[in-house]
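Good morning, everyone, and thank you for making the time. Please have a look at the sequence and the structure before I go on.

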Amino acid sequence: SPSSPSVPPASSSSPSSLAARLEAARQAKQQADHAWQASPHDAAAARSALPRYAEALALAHSVWRTCPFGSDEAAQAAELAQSLLLNRSACNIAALEHAGCVADCDMLLQVPLEPLAPPSPLSPSLSLSPARAAKVLLRRAAAHRALGESLFAARDEVAADAVLATAHAPAADSAGEPDASLEAVGLEAGLAAGLVTGLAA
């Protein structure tokens with residue numbers, strides 16, 4: 001699948017304070033969501049939203065890079081980036097930008113979330129929930145199929161089934177039964193694989 005693109009740096013005109021940049025990122029996300037939410041099957045409307053998502057991600061990235069790891073601002077920036085990638089992956093599908101959808105899903109399925117991760121791992125709270133991971137996997141599968149990549153699509157669909165099956169299994173006990181984490185279904189080992197439309201947050 002295509003390599004994950006880098007999040008662009010914030011422009012020189014970006015707000016200076018962390019709080020202001022976070023608020024500007026949230027506003028850009030809201031504008032991007034509204035640009036195509038009313039007409040999710042309008043490719044032109046979806047394409048018009050993509051620059052706003054890129055702007056919001058750049059702002060979130062700039063906050064992450066300039067505040068202490070583990071701070072409240074860092075957590076907010078990482079959570080916002082996850083939400084932005086989820087929504088942009090859906091927008092890319094609507095815009096018929098299937099390679100872009102694959103790239104966004106690739107970033108979402110990495111643990112820790114890249115490219116926002118410092119050398120130490122992100123808070124476990126930023127891991128995708130099983131339901132959300134399955135949604136991303138199925139979305140990426142749809143994008144792979146649109147690109148003619150049937151093998152990758154099939155692997156994503158199998159991985160999504162495994163995530164959901166594990167999520168509905170009994171919780172881990174003293175004997176070491178599997179839990180509902182991404183690691184438990186081995187996504188990082190090769191079945192890493194991405195519903196097709198609809199906003200995440």
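Is the crossing of α3 and α4 left-handed or right-handed? Before I answer, please keep in mind that this is a predicted model, in which local features need pLDDT of at least 70 and side-chain atom pairs count only at pLDDT 80 or more, while totals for chains, interfaces and linings use all residues. Residues are numbered from 1 along each chain as its sequence is written, and side-chain values use heavy atoms, with hydrogens and water left out.

The crossing of α3 and α4 is left-handed, where left-handed is the term used if the near helix is turned anticlockwise from the far one by less than a right angle, and right-handed if clockwise. Helices here are DSSP runs (H or I, at least four residues), numbered from the N terminus. The axes of these two, α3 and α4, come within 8 Å and cross at roughly 155°, which makes α3 roughly antiparallel to α4, a label given to angles over 145 degrees.

In the loop between α3 and α4 we find Leu96, whose phi is near 65°, a positive value in a residue other than glycine. Most residues other than glycine have a negative phi. Leu96 counts as exposed, at 53% relative accessibility, since exposed means over 50% and buried under 20% relative accessible area, with partly exposed in between (1.4 Å probe, protein chains only).

Leaving aside neighbours within four places in sequence, Cys91 is in contact (heavy atoms within 4.5 Å) with Trp36, Ala46, Ala49, Leu50 and Tyr53.

Finally, Arg139, found in helix α5, is buried, with a relative accessible area of 1%, and its C-alpha lies 9.4 Å from that of Ala153, 14 residues apart in sequence.

Terms used
Axes fitted to C-alpha atoms, helices over the stretch in contact; angles between N-to-C directions. Parallel < 35°, antiparallel > 145°, perpendicular 65-115°, else oblique.
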